[in-house]
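Take a look at the chain below.

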Amino acid sequence: MQMQSGLARSVVRFAAFAIVVLIALFLRYPSQFLDPSIGTESLTFHVRQFAEDGFASLLYPVNGYLITVSRLFDVLALAISPYAAPLFASAFANAYTVLILFAVWRAPTRLRSPLLCALAPLFIPIQPEPFAVSLYSFWWSAVGLALTLFWVAGRSRTWDIAAIVLAVTGALSSPMGIVYGPLFMARWLRDRTQFNFALMVAVAAPSIIQLAIILATDGAATHPGRTFPVTGIIRETLGYFVPVLAPFSPRADLAYTVIGFLFGSALVAAAAAQTKRFDFFFWILVLLVAGAAAAYLMRIGTDVAHPLLSGGRYFMLPFIFLSWLVLYLIAEMPGWLRAGSIAAIAFSWVLATPYTMWRTHDPLPWASHIRLCKEHGDVQIVGQFFGNADAVWRTSVTQAGCRFMVGLNPLNRLIEPYVPELFAARTAPYEGGQLSSALVIAAHGWSPDGFYSMDVVASLPDDIRAFGSHVGGDAATGDLVLEFGHEPGEPTVFLMLVGPGEREALLELEYPDGSVRTMTPASRVPGWIKLEIFSHQTGVHRLTVRDIGSGWGEWAALAFASPERRGTN
């Protein structure tokens, strides 16, 4: 009876903690709960490589090292259903974060104030990008890896097994096992226990694999022109931890350097007041902070990333371990001083909430791209980059790859009819061949002479019409409206040309039934490319090409066969 009561309390405790963590994650990145997404390297490596090589891709590195946990979550999500992969990947990432932080709280460790140590990572003053995103789960695996340095063995066989699992997965999913390997050796040399030896081996073996991969690839690549000024190091590792000023405040760099110096001095003073209480684990925390900071500084240097503006993920580990160090030091302070210290840091974090909370992103038709790829052939699937629909991350996936992913689970056939049909278009290099005919209905800001150079028109066959939006220069915008006939089964083929600017042309297709779909094709490449349009409907379609860019190099062009020369398509 007592055992059942204890189990019930444990379940309630875990459920309550999980709810708190999930609420915090939602507040940091609500769009990832309301409209889950996959983007950046998850697209380039995890999705594309799984489509090409299947489950063997679990062994592939990303940017020069293994991030096993992150890739596993994405692969499992794609295997369950590529249509709902963003939802499952985000769910796996959130569940993993809950488990890691629950271990920080309840595992038998030498950390002081373990509940605060578990909650602090949810509120550190950085951009929300590492939260609720499967790609960045490997950062959380490094937290689990570091936690095992403080483990107290023998309290529970279950917890001891959990420590080994955390160590192995952390070292297989992050290069931080290489950085912290000497600390695990020091822990074993200090205690000489069987458990600490097993822990050291559990970290060393995967770390050797990681090191071999890094040396054999570009895993050790660094940011060009990186610098290491002392003021920059103080500002980024200590000053930004106490964000009392907005990042765009006058002389913010100088102010945060001073704040970093004062905060560092306060830490030294707090440590000096506890000289007799210094222990091995205090120095482990100091080295965790130093190692995490050194790892990102060696990678990109100073003044490249900013925790509140860009690249906040690089500050995640240093700030988490720094929060543990602060809690370790103030645990021995008088009650009023401890409460005041926590309140002061928490207040500075609250001031940064405009930059650390409520991240959003524009919705993207992920499932529709998967359906388009499966039904119509090789396409570029889009994912999140900066959160804007006009600045997306793309990767090419073959029709065979999409059919492989969809075919893994028979239930996908039940989901597919409910996936909205996307504007079915794809782009490919133009290597000659007949174009479809179209009738120009309207040309606002477009003309047959609207080109930055008429040489591109001279390269086309004589019976091809071409319109460009370079009428008033790069800054000019406008719409070209065409009508064309279409029969299902064969694509309508036009040529497209887009300038080298940052934006792309926007295509809007009105179907015979009156429905409208839009897309931005991946067309920013040199020379004319082939634009193939597919549709399940028969009849006259209306295509509107919008030049939406008003900056340098932002113009567009379209070429097609004249109706009087080729007839209707």
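Among contacts in the chain with a separation of 6 or more, 78% join residues 24 or more positions apart. This is a predicted model. The chain holds 21 helices and 12 strands. Of its 569 residues, 52% count as buried.

Next, the overall dimensions. Taken along the principal axes, the C-alpha atoms fill a box of roughly 95 × 60 × 45 Å. The accessible surface of the chain is about 24,900 Å². Carbon and sulfur atoms supply 64% of that surface. As for charge, there are 37 positive and 39 negative side chains. The centres of these two sets lie 17 Å apart.

How is the chain divided? Domain 1 covers residues 1-355, and domain 2 covers 423-561. Their C-alpha centres are 47 Å apart.

Is Ser137 buried or exposed? Its relative accessible area is 1%. Buried means under 20%, so Ser137 is buried. Which residues does Ser137 touch, not counting those up to four places away in sequence? They are Val69, Ser70, Phe73, Ala93 and Tyr96.

Now turn to the strands. Strand β11 runs over residues 539-547. Strand β6, residues 478-486, pairs with β11 in the antiparallel sense over nine bridges. Within β11, His541 is the bridge partner of Phe484. Strand β8, residues 506-510, also pairs with β11 in the antiparallel sense, over five bridges. Here Glu510 stands opposite Arg542 of β11. In a regular strand, side chains alternate between the two faces of the sheet.

Leaving aside neighbours within four places in sequence, Gly445 is in contact with Gly468, Ser469, Val471 and Thr477.

How values were computed:
Residues are numbered from 1 along each chain as its sequence is written. This is a predicted model: local features need pLDDT of at least 70, side-chain atom pairs count only at pLDDT 80 or more; totals for chains, interfaces and linings use all residues. Side-chain values use heavy atoms; hydrogens and water are left out. Helices (H or I, at least four residues) and strands (E, at least two) are DSSP runs, numbered from the N terminus. Buried means under 20% relative accessible area, exposed over 50%, partly exposed in between (1.4 Å probe, protein chains only). Contact means heavy atoms within 4.5 Å. Accessible areas come from the Shrake-Rupley method with a 1.4 Å probe; for residues, only the protein chains shown count as cover. Lys and Arg count as positive and Asp and Glu as negative; His and the chain ends are not counted. The place of a charge is taken as NZ of Lys, CZ of Arg, CG of Asp or CD of Glu. Domain bounds come from an automatic or database domain assignment. Two strands pair if DSSP finds at least two bridges between them.
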